[in-house]
Amino acid sequence: MKVRPDVCRAILLTSIVWFLIDILILFYTLDNSTLEPKTISRAERLQHEQKPVDPYKAAVRPDPVDPATQEALDQLLQHTSFQNFGPGSNGEGVKIDPSQDQKMKEMFKENQFNLLASNMIAVNRTLPDFRSSKCQRDYNTYHLSELPTTSIIIVFHNEAWTTLLRTLHSIIDRSPRHLLEEIIMIDDCSDRDYLKKPLNEYVKRLPIPVHIVHLSERSGLIRARLTGSNMAKGKVLLFLDAHVEVTEGWLPPLLDRVHGDRKRVVAPIIDVISDDTFEYVTASDTTWGGFNWHLNFRWYTVPEREMARRKYDRSSPIRTPTIAGGLFAVDKQFFNDIGTYDEGMQVWGGENLEISFRVWMCGGFLEIHPCSRVGHVFRKQTPYTFPGGTAKVIHHNAARTAEVWMDEYKAFFYQMVPAAKNVDAGDVTERRRLRENLQCKDFRWYLENIYPEAPVPVNYVSIGQIINHGQNKCLDTMGKKSGETPGLVTCHGVGGNQAWSLTRDGTIRSDELCLTAYSGYTGGTGIKMEKCAVKTVSRNVFKYDPVSRMVQHPSTDRCLSIKSTSLAMDDCNNLDPDQQWSFANFKP
Ligand SMILES: *[C@@H]1O[C@H](CO)[C@@H](O)[C@H](O)[C@H]1NC(C)=O
Ligand SMILES: [Mn+2]
């Protein structure tokens, strides 16, 4: 092989140039790395080590801090762990030594979770990557640079320092920086000092903009969130609770869905951070949100129908009838278009069903993305006070939802929660007008198309009490559970445990419990209440004849009757008044 001399010269010349550049770089780095460290004295290093751990060196020098605030923050940080491999790392739980039992119990009361354990765990603790391999593969298909930015909105009231910081650090450590426009924190009138100036000071160190608004009066979740959304600069709003930990890869799946169609409102799987040990426990990926006659949000198993629609791909988003409400992403414009929140609601509770019904009925979609997981500290009871009383607030909010969105089906709520009838729901004309203006579909459409598995039946022929003519008494769940026989007591006519519905397909249900007749029940009267099956089964199907008033059970060929004052199945006899029943609000 022949090489021409001018090519040789060119190669030689470039080599020399590169050699010279190398030497220059070498000199430059030597200059910095060999000389500087030696100039730091041992004393200075010691001082450096003793300073409270500075988790994120601020890139810009923050404004001067007043000494009192600085001292308060230093104090807090001395008791804030940033330790690697410390207690609770990798999502593990923390067991408190029995000698600290008393202290633990005292501290538990402050926030209704194990604060002592939380304080031992690093605020930037590690967590495993819980995503399925399919989710991890899908992650690589997102065009991260094209996804919209998000403003994260966190409302808190007297939140604990370590849980709040863990929320912030987990977001910062596990989200692509360019997707985080900002974190907006709304302090709903906390009275704990560390949540004021020290917190303001602390967030300045974080490498993303964090804005804190301290509301001067208790505003409740809805108004606090609206304060946040009105400030937000990001395209997508992401509401988070104040005691959560996001996991690896949590953000892009949510943004990707909203980006694909801005009418999608998307929630992550909400995993459980134990309120006792702070262990991170994954939740099922085959659970979705529903609601019962009380208008309580409830988790239920995703029905076969939805699994099939998703082609049994467990990484594909679940179309859920409702969302839990604490954590979700929504396009800011869409959120505004469909009427943000109902500002007539108070404090907290019930707003999740309201926004769920509204999103579906007014043209949006609600999804749970199984590739996005966020842990949440679930508490057994709320540590906060509800001005006016918890029940009253919850009933007020639920009644507004029922009045605006549920049409005739609100009867199920009022039957089950008669106390709600006496609570003033306030003026709902604005919200009804919103429904008009948006030309939303009706509740029947929602039940038929989005939630046919709902405890509220689409088609029903009665709602209210069921009277036995022989005894002149009413069927009563007596607050009993699945597997027990309902009672027969004096009719009181106000619903509650005497609220039943005969459905078009022949089930007799009270909320989630169905009358179930079965010849194989041993030692009983052949009838019990059981959790209603998702798809009606013959055990639950009765046939009511409004003329003879008999309730026949075709699959056992017996009739609903009474045996010595108890409910029982018996051979049908149309002369027996104990086999005659009437159903309130019967319309065949
Ligand atoms: C937590 O923060 C500390 C202080 O910045 C740092 O040294 C440590 O590596 C961090 N731990 C993790 C798991 O990121
Ligand atoms: Mn919470």
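**Figure 1. Overall view of the predicted model.** This is a predicted model, in which local features need pLDDT of at least 70 and side-chain atom pairs count only at pLDDT 80 or more, whereas totals for chains, interfaces and linings use all residues. Residues are numbered from 1 along each chain as its sequence is written, and chains are lettered from A and ligands numbered from 1 in the order in which they are written. The average pLDDT (the predictor's confidence in each residue, from 0 to 100) is 90 for the protein, and 88% of the residues score at least 70. The secondary structure comes to 18 helices and 24 strands, where helices (H or I, at least four residues) and strands (E, at least two) are DSSP runs numbered from the N terminus. Of the 588 residues, 42% count as buried, a residue being buried if 20 or more other C-beta atoms, placed from the backbone, lie within 10 Å of its own.

**Figure 2. Close-up of the largest nonpolar core.** A nonpolar core is a set of buried Ala, Val, Leu, Ile, Met, Phe, Trp, Tyr and Cys residues joined through C-beta atoms within 7 Å. The largest one has 134 residues, and those touching the most other members are Ile152, Ile153, Ile154, Phe328, Ala329, Val330 and Phe413. Helix α15 (residues 390-405) gives the most to this core, with 7 residues. Because domain 1 (68-454) and domain 2 (466-583) both give residues to the core, it lies between them; the domain bounds come from an automatic or database domain assignment.

**Figure 3. Close-up of Ile154 and its contacts.** Two residues are in contact if their C-beta atoms, placed from the backbone, lie within 7 Å. Leaving aside neighbours within four places in sequence, Ile154 is in contact with Thr167, Ile183, Met185, Leu240 and Ala242.

Figure 4. Helix α14 (residues 351-361) is mostly covered, since 11 of its 11 residues are buried. The buried residues include Leu353, Ile355, Phe357 and Trp360, and also Glu351, Glu354 and Arg358. Just after α14, Gly363 takes a positive phi of about 100 degrees.

**Figure 5. Close-up of the open sheet that contains β23.** Strands of a sheet pair through backbone hydrogen bonds, either parallel or antiparallel. Here 4 strands form an open sheet in the order β20-β21-β22-β23, with antiparallel pairing, and two strands count as paired if DSSP finds at least two bridges between them. The edge strands, each pairing on one side only, are β20 (543-545) and β23 (566-570). In the hairpin of β22 and β23, 2 residues lie between the strands, and Ser564 takes a positive phi near 40 degrees. Strand β23 has a covered face with Leu567 and Met569, and an uncovered face with Ser566, Ala568 and Asp570.

**Figure 6. Close-up of the sheet from β16 to β19.** This open sheet of 4 strands has the order β16-β17-β18-β19, and its pairing is antiparallel. Strands β16 (501-502) and β19 (527-531) are the edge strands. Strand β17 (residues 508-510) is joined to strand β18 (residues 513-517) by 2 bridges, and Leu513 in β18 is the bridge partner of Ser510.

Definitions and conventions: A residue is buried if 20 or more other C-beta atoms lie within 10 Å of its own, exposed if 12 or fewer, and partly exposed in between; C-beta atoms are placed from the backbone.
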